[in-house]
Amino acid sequence: QIESLLDLSQSEAGLLPLANEEIELEPFVRKLADERGARIAQSRLTLEFQHDGEAGAIKGDRRRLSRALGHLLDNAIAATPEGGRILLMLSREQNKDRAWKRIVVSDNGRGMDSATLARALEGLDSGGEGLRRQGIGLPLARQIIEGHGGSLEMVSQPGEGTAAIVDLP
C-alpha cells in the first residue's frame, strides 16, 4: 500500500521513473493470473485466458505494469459474485497507422453507472460526507499505463459487469 501511494504521488508529479525492459506479454499476463489462482478458486470464479499468440513483447517497467494490471485483476475478482466469470484477453491490434497491444480484463460482476465509474477512476468515493479519497488502484493503474504511452478505458454497466481495456504501444 505504501509503495502504491508513493508511486501515485510520484506519477501525479510527473516524477515516476520507469524501467525500460523487454516484456513478453503472454507469459507476463499469464503469471499475473496464476498468482491470483487461489483467490479465484476460493471465490468459486472462472478465469478464462484468451490470447491470439501474436501479442509479442513491449518495452516497459515490469514491476509497475505488474502492479497496474494486478489492480485491474484484483478489482475484477472483488466485484464478481461467486460462480462468476472473469475474462482476460491479450491481442495485437493494428490499423493503417499503427500497431499496439491490447489487454482486456472483463468480469460479469455488479458493474457501475457512469458517475460511480468516473469517481472510481479518480480514486474518490461519495459517502454521506461528500467526496473523499478511496482506493488508489485505478488511478495508479491509469497513470502507470499512461506513463508507458498507453491508455486505460473502463466500460461498465450496472448488473452487467466491467471491462478494463488497456492499450500499450
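Mentor: A helix axis, as the term is used here, is a line fitted to C-alpha atoms over the stretch in contact, and the angle between two axes runs from 0 to 180 degrees between their N-to-C directions. Keep that in mind as we go through this model, which is a predicted one.

Trainee: How many helices and strands does the secondary structure of the protein come to?

Mentor: There are six helices and nine strands. Of the 169 residues in the protein, 43% are buried, and among contacts between residues at least 6 apart in sequence, 68% join residues at least 24 apart. The accessible surface comes to about 9100 Å², and carbon and sulfur atoms account for 48% of that area.

Trainee: Taking helix α2 and helix α4, at what angle do their axes cross?

Mentor: Helix α2 spans residues 25–35, and its axis comes within 10 Å of that of α4, with a crossing of roughly 50°. Angles under 35 degrees count as roughly parallel and those from 65 to 115 as roughly perpendicular, so α2 and α4 are oblique to each other. The crossing of α2 past α4 is right-handed.

Trainee: Which residues of α2 and α4 make the contact?

Mentor: From α2 come Phe-28, Leu-32 and Ala-33, while α4 supplies Arg-62, Leu-65, Ser-66, Leu-69 and Leu-73. Sorted by class, the contact of α2 with α4 holds six nonpolar residues, one polar and one charged. As a general idea for reading such lists, an α-helix has 3.6 residues a turn, so residues three or four places apart point the same way.

Trainee: And where α4 passes α6, is the crossing left-handed or right-handed?

Mentor: That crossing is left-handed. The axes of α4, residues 62–79, and α6, residues 137–147, come within 9 Å and cross at roughly 140°. Only an angle over 145 would count as roughly antiparallel, and α4 and α6 are therefore oblique to each other. On the α4 side, Arg-64, Leu-65, Arg-67, Ala-68, His-71, Leu-72 and Asn-75 meet Gly-137, Leu-138, Leu-140, Ala-141, Ile-144 and Ile-145 of α6. The residues of this contact of α4 with α6 divide into eight nonpolar, three polar and two charged.

Trainee: Why can α6 be called largely enclosed by the rest of the structure?

Mentor: The reading rests on burial, which here means under 20% relative accessible area. Nine of the eleven residues of α6 are buried, so that helix is largely enclosed by the rest of the structure. Among them are Pro-139, Arg-142 and Gln-143. Just after α6, Gly-149 takes a positive phi of about 80°.

Trainee: Which residue other than glycine has a positive phi near 55°?

Mentor: The general idea is that most residues other than glycine have a negative phi. Here, Arg-44 has a positive phi, near 55°. Arg-44 sits in the loop between α3 (37–42) and β2 (46–51), and its relative accessible area of 54% means that Arg-44 is exposed.

Trainee: In contrast, is Leu-87 buried or exposed?

Mentor: Leu-87 counts as buried, because its relative accessibility is 12% and the cut-off is under 20%. This residue lies in strand β4, residues 85–94. Leaving aside residues up to four places away in sequence, Leu-87 touches Glu-48, Gln-50, Val-104, Val-105 and Ser-106. Leu-87 and Leu-73 are 14 residues apart along the chain, and their C-alpha atoms are separated by 9.7 Å; Leu-73 is one of the α4 residues in the contact with α2.

Conventions
Residues numbered from 1 in each chain as written. Predicted model: local features only at pLDDT ≥ 70, side-chain atom pairs only at ≥ 80, totals over all residues. Heavy atoms only, no water. Helix = DSSP H or I, 4+ residues; strand = E, 2+ residues; numbered from the N terminus. Buried < 20%, exposed > 50% of the residue type's maximum accessible area, 1.4 Å probe, protein only. Contact = heavy atoms within 4.5 Å. Areas by Shrake-Rupley, 256 points an atom, 1.4 Å probe, with all protein chains shown as cover. Left-handed = near helix turned anticlockwise from the far one by under 90°. Nonpolar A, V, L, I, M, F, W, Y, C, P; charged D, E, K, R; others polar.
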